Amino acid sequence: MAPNSVVVTMEKPNNFSIVEFNATDPSLFPEKRKAVSPKQFTWVLLLKAYKALTCVSWLAMAFKATFISIKKRTALSEMRQDEPRNRGRLYRFIKAFLVISIVALVIEIIAHFKKWNLNLKNPWEIQGLVQWSYMAWLSFRVDYIAPLVITLSKFCTVLFLIQSLDRLVLCLGCFWIKYKKLKPEINVDAYDVEDPSSFPMVLVQIPMCNEREVYAQSISAACQLDWPRDRLLIQVLDDSDDGTVQLLIQDEVSSWRQKGINIIYRHRLIRTGYKAGNLKSAMNCDYVKDYEFVAIFDADFQPNPDFLKQTIPHFKGNPKLGLVQARWSFVNKDENLLTRLQNINLCFHFEVEQQVNGAFLNFFGFNGTAGVWRIKALEDSGGWLERTTVEDMDIAVRAHLNGWKFIFLNDVKVLCELPESYEAYKKQQHRWHSGPMQLFRLCLPAIITSKISKWKKSNLIFLFFLLRKLILPFYSFTLFCIILPLTMFIPEAELPLWVICYIPIFMSFLNILPAPKSFPFLVPYLLFENTMSVTKFNAMISGLFQLGSAYEWIVTKKTGRSSESDLLAFAERESKSSNEEKILRRHSESGLTLLSKLQEQEAAPVKKRNRLYRKELALAFLLLTAAARSLLSAHGVHFYYLLFQGVSFLVVGLDLIGEQVS
């Protein structure tokens, strides 16, 4: 290369002239260039053409594959005639918002490329109908829309800060428990090991409904509980409407009864009240009056043999203790991205929320399973009621109003299973977020008129129900899915970075602390929680205003993966004998009928399908439209947040997260 400067030494400085050299002049410092042969030039052109064709081919194949996948999923979604299509008001609102946003984006793009002055005031300088429409929109936006959006965004931001403060206080309480090593203590000499009659009578209930995949392992785990056999009774409460499943469960129960286990099979002819009705019917049996405690396990839960010995002694010497709740542990938490994100959420729920509320308030929401109740507390609180889809929270609130105390055991874990498909998880979350609003409407008068302290009343109304069950889904959906994309078209109401970036990341960091191995999933967790806000918001509104889907109860689909880990040997041993030999030992007619049904089901290929979720897809396109608008204004962090959040909604809307459902 030619030098940029030249140093000249003058021997006779008295007589010289100055000449200016331009270093960029190629004639002064000629470069030696190697001649390029026509053959080399041809190879270079061919190589570039090959790269271009490869890139174009790859993009075309990717687009084609994506299009075919979307087309197949659309066709499969349309084939499902047994499920009602989602045509609710929220979906129509999102679609209308999307159409308006697309129109606004088109106008903004035209204004951007034509370089219209945004501060244009003189009407005689307006040229064309499009520019006039744009100026009319600017005037209407500044005068009417911007003040409303600013007010709503400030209101949601205040709710966001209050809820973040509540979560921070819970985390500080958890740190204090860890620092002081606080945990419930038990009397090791509560019961005489050598005298089985000193052990209290315990009833174990396993409610289930068409739980083909997990019924055997749950019954097996309950039958292996370490407790005197004459002081223990197991009730298998089967609400299945599938005759084949009923026969399988009956066969499993009879097999354990032959081994000396005190176990009973109960089936209701009329399935009313779902799980609450099932438990209520079982508690009405005459022999229940002989038992002091009842342990409840859902069909996919597998307690350790020492579960009762770790929980029952807490009741000794504590007559006002009504509930001992154990923590859940998940056998399939690393199965896919969906289960990993659920594990983060539930670890925070148990480690922080349940443990802190149990340690400082002696109250928390019963999780519906993996807990032991004092039967007197259930009876004193009115028993199981069928008025909501969250019967577990209902009985916990009523017991708290009657002065009963709760204990949460973070060290006692019960193995269970997480939903692996987004469809199952979404239905579960809808029930978990619509039920509390139903319960709030029903329990509010009882809370106000109860005899508990004002502090406990305030905690129930403002923290337990309003802040954590109503405000959280409201501001999550409104602030991050509606207001944020709206502010891209209304710059006057733009949200600050600390609202959309700094505080959410910090709160997600706190949420992920109980599951430290999940730190690589910090950003996906934040995006997924905002994605789930549309489901939680819709469920909250349904429960609050008693809409049609508020009382929807669908049993969460299970895969029975826990049999592959903890009960593998049992599954291999029992799969052959229980499905063939035991069936053949039945009465000939029922046994042959059951065997033929099992063989037909095993021979039939299981087809799996994906679904399309219209709300999530509409919000995905809405956020991507807002991201395109923010790109025109070079918003920076706003653009990246909207882009990644839009992609997150798109992935969930196309059912690309979790397993496919059969």
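N362 is partly exposed, with a relative accessible area of 30%; this class lies between buried, under 20% relative accessible area, and exposed, over 50% (1.4 Å probe, protein chains only). The residue belongs to the loop between α8 (337-360) and β6, where helices (H or I, at least four residues) and strands (E, at least two) are DSSP runs, numbered from the N terminus. The phi angle of N362 is near 55°, a positive value in a residue other than glycine. Most residues other than glycine have a negative phi. K181 likewise has a phi near 55°, positive although the residue is not glycine. K181 is located in the loop between α3 (129-180) and β1 (202-208), and its relative accessible area of 72% means that K181 is exposed.

The structure is a predicted model, in which local features need pLDDT of at least 70 and side-chain atom pairs count only at pLDDT 80 or more, whereas totals for chains, interfaces and linings use all residues. Residues are numbered from 1 along each chain as its sequence is written, and side-chain values use heavy atoms, with hydrogens and water left out. The average pLDDT of the protein chain, where pLDDT is the predictor's confidence in each residue, from 0 to 100, is 83, and 79% of the residues score at least 70. For residues 78-86, the model has 11 contacts beyond four places in sequence, a contact being heavy atoms within 4.5 Å. For residues 563-591, the corresponding number is 36.

The protein chain contains 19 helices and seven strands. Of its 662 residues, 49% count as buried. Among contacts with a separation of 6 or more, 80% are made by residues 24 or more positions apart.

W373 is placed in strand β6 (residues 371-374) and counts as buried, at 0% relative accessibility. When residues up to four places away in sequence are not counted, W373 touches E292, F293, V294, I296, G322, L323, F366, L378, I395, A396, A399 and F406. Q325 lies 48 residues from W373 along the chain, and the C-alpha atoms of the two are separated by 8.6 Å.

C443, in helix α11 (residues 422-449), is also buried, with a relative accessible area of 1%. Beyond four places in sequence, C443 touches R387, D394 and V397. The C-alpha atoms of C443 and I461 are 9.6 Å apart, with a sequence separation of 18 residues.

Two packed helices are described by the angle between their axes and the distance between the axes. Axes are lines fitted to C-alpha atoms, for helices over the stretch in contact, and angles run from 0 to 180 degrees between N-to-C directions. Angles under 35 degrees count as roughly parallel, over 145 as roughly antiparallel, 65 to 115 as roughly perpendicular and the rest as oblique. A crossing is left-handed if the near helix is turned anticlockwise from the far one by less than a right angle, and right-handed if clockwise.

The axes of helix α10 (residues 391-401) and α11 come within 11 Å and cross at roughly 15°; the two helices are therefore roughly parallel. Their crossing is right-handed. M393, D394, V397 and L401 of α10 make the contact with P436, L439, C443, A446 and I447 of α11. These residues divide into eight nonpolar, no polar and one charged, where Ala, Val, Leu, Ile, Met, Phe, Trp, Tyr, Cys and Pro count as nonpolar, Asp, Glu, Lys and Arg as charged, and the others, Gly among them, as polar.

Helix α18 (residues 614-633) takes part in a crossing with helix α14 (residues 522-544), the axes coming within 10 Å at an angle of roughly 125°. The pair is therefore oblique, and the crossing is right-handed. In this contact, V534, T535 and N538 of α14 meet K615, E616 and L619 of α18. The contact residues comprise two nonpolar, two polar and two charged.

The axes of α18 and helix α19 (residues 637-653) come within 8 Å and cross at roughly 160°, which makes the two helices roughly antiparallel. The crossing of α18 and α19 is left-handed. Residues of α18 including L617, F621, L624 and L631 meet residues of α19 including F639, L642, V647 and F649. The contact of α18 with α19 comprises 16 nonpolar, five polar and one charged residue.
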